[in-house]
Amino acid sequence: QVQLVESGGGLVQPGGSLRLSCAASGSMYLMGWYRQAPGNQRDLVASMTNLGTTNYADAVKGRFIISRDNPKNSVYLQMNNLKPEDTAVYYCYAKSGRYDYWGQGTQVTVSS
């Protein structure tokens, strides 16, 4: 059974930084992060293939950096210059073959 374990969320002031971590229990072709604010849909933030191809939402380009540690089956999201509109529950995502996996979500709140 595949598990995704997330950590790193919290409360931060605008302009601050957070680093999210997610560890899978197996190797994944694609890993990344989605986020969902109250009343909104769940949107892609960033993703990365096992070979290093990245994809970022326009709203986070230049501020967020996704990285992977494949031997650890882990993915990270370095979030810099955080803005109040970044406030959301962030979900780790992974894909292996035809299967999709989701973490349980971690709350990121950007507020003064």
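Begin with strand E5, which pairs with strand E6 (residues 54–56) in the antiparallel sense over 3 bridges; strands are DSSP runs (E, at least two residues) numbered from the N terminus, and two strands pair if DSSP finds at least two bridges between them. The model is predicted: local features need pLDDT of at least 70, side-chain atom pairs count only at pLDDT 80 or more, and totals for chains, interfaces and linings use all residues. Residues are numbered from 1 along each chain as its sequence is written, and side-chain values use heavy atoms, with hydrogens and water left out.

Select Met48 next: Thr54 in E6 stands opposite Met48. Between E5 and E6 the hairpin has 4 residues, and Gly52 there takes a positive phi near 105°.

Now show residues 43–49. Strand E5 is largely enclosed by the rest of the structure, because 5 of its 7 residues are buried (under 20% relative accessible area, 1.4 Å probe, protein chains only).

Move to strand E4 (residues 30–36), which pairs with E5 in the antiparallel sense over 6 bridges. Select Trp33, whose bridge partner in E5 is Ala46. The hairpin of E4 and E5 has 6 residues between the strands, and Gly39 in the turn has a positive phi of about 80°.

Notes:
Buried means under 20% relative accessible area, exposed over 50%, partly exposed in between (1.4 Å probe, protein chains only).
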